[in-house]
Amino acid sequence: MIKLQSIPIQPVHLNQLNKRGVTVHVKRDDLLHPQISGNKFYKLKLSLDEAMQLGHSTILTFGGAYSNHLHATAFAGRMLDMKTVGVVRGQYILPLSPTLKDCVKWGMELVPMRKDAYAQKDSTAVIASLESAYPSAYIIPEGGECELGVRGAEAILEGVDQSLYDYIVVACGTGTTVAGIIRAAKPTVKVIGVPVLKNAEWMYQVVKSWLPTNEKQTGQWELWLEEHWGGYAKQPAELMQKISEIYTETSLQLDGVYTGKAFIALLNKIQNGIIPSGSRVLFVHTGGLQGNRSSTQIEAAK
């Protein structure tokens, strides 16, 4: 049984917000669970439920050496007494990252895969090969990117009084979480996703593919594509300094891969008037703070 904490929504007090007359609240999904925090729980829950209902004894999924998704899956498998298999991007994974050390500690079998093969991980041939090697496995796509993952992400807004907000802002990696939030958002709220990787124009089509084809979605959401700080897992000193300053002023801990980039993007848009004075913003903290243990090593694993 995985015991979850209740989720507070907390105001953020920053001088620059006061000057602009913008209210920012943070939904602290990072506090949901010590290991399965943030959007990782929401994207995994329904898939894990289905796997157990169908009688699978193994969960197989995909990720990089610093994957929050692998980390959460490994711990969930341990709690649910299910075997877990992590297909890891990259032929060479030694020495293990702190993330993968945790995964092994929690019983996950690691399967390194060459980058060229990993790029085809969703192909029929690769999936068939994995199904043959692990016949009892329930396969979850990387990052929980599937209908059950999107549906699970809709629950992020359960219990949120959306009448209090004009904008909802969240970091993006695959588009799964932001798609679920858009599906659950009221038409009066604009949802903004902040991709943390370069050249993420493709994410518009991914998000659209998960949305119902009705006009109420038109203009209800957008992506800020230029807030990646050089690309996925790039953590320049200026970024980390800003994250440190935010923590000093607010005690809000952010990570350098996802939430730090998204929150700083929000502050920049407020400063530039893109988010106008008087706006009310809900920032969704998607967790992933375990990645801060090894921020200087992430780039080496790519």
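Two strands count as paired if DSSP finds at least two bridges between them, and strands themselves (E, at least two residues), like helices (H or I, at least four), are DSSP runs numbered from the N terminus. In this predicted model, local features need pLDDT of at least 70 and side-chain atom pairs count only at pLDDT 80 or more, while totals for chains, interfaces and linings use all residues. Residues are numbered from 1 along each chain as its sequence is written, and side-chain values use heavy atoms, with hydrogens and water left out.

By these criteria, four strands form an open sheet in the order β5-β4-β3-β6, with parallel pairing. The edges are taken by β5 (109-113) and β6 (137-139); each has a single partner strand, so one side of each is left without a neighbour in the sheet. On average, neighbouring strands of this sheet are turned by 25° against each other, direction ignored. Axes here are lines fitted to C-alpha atoms, for helices over the stretch in contact, and angles run from 0 to 180 degrees between N-to-C directions.

Within the sheet, β3 (residues 58-63) pairs with β4 (residues 83-89) in the parallel sense over six bridges. Phenylalanine 62 stands opposite valine 87 in β4. Helix α3 packs on the sheet and touches both β3 and β4, and its direction makes about 165° with that of β3. Contact means heavy atoms within 4.5 Å.

Helix α3 (residues 68-80) also meets helix α2 (residues 39-53): their axes come within 11 Å and cross at roughly 45°. The two are therefore oblique to each other (angles under 35 degrees count as roughly parallel, over 145 as roughly antiparallel, 65 to 115 as roughly perpendicular and the rest as oblique). The crossing is right-handed, that is, the near helix is turned clockwise from the far one by less than a right angle, anticlockwise being left-handed. On the α2 side, Lys40, Leu44, Leu48 and Met52 meet Asn68, His69, Ala72, Thr73, Ala76 and Leu80 of α3. This contact has six nonpolar, three polar and one charged residues, where Ala, Val, Leu, Ile, Met, Phe, Trp, Tyr, Cys and Pro count as nonpolar, Asp, Glu, Lys and Arg as charged, and the others, Gly among them, as polar.

Helix α2 has a further partner in α7 (residues 147-154), with axes that come within 6 Å and cross at roughly 125°. This pair is therefore oblique as well, and α2 passes α7 in a right-handed crossing. Tyr42, Lys43, Leu46, Ser47 and Glu50 of α2 make the contact with Leu148, Gly149, Arg151, Gly152 and Ala153 of α7. Its residues divide into four nonpolar, three polar and three charged.
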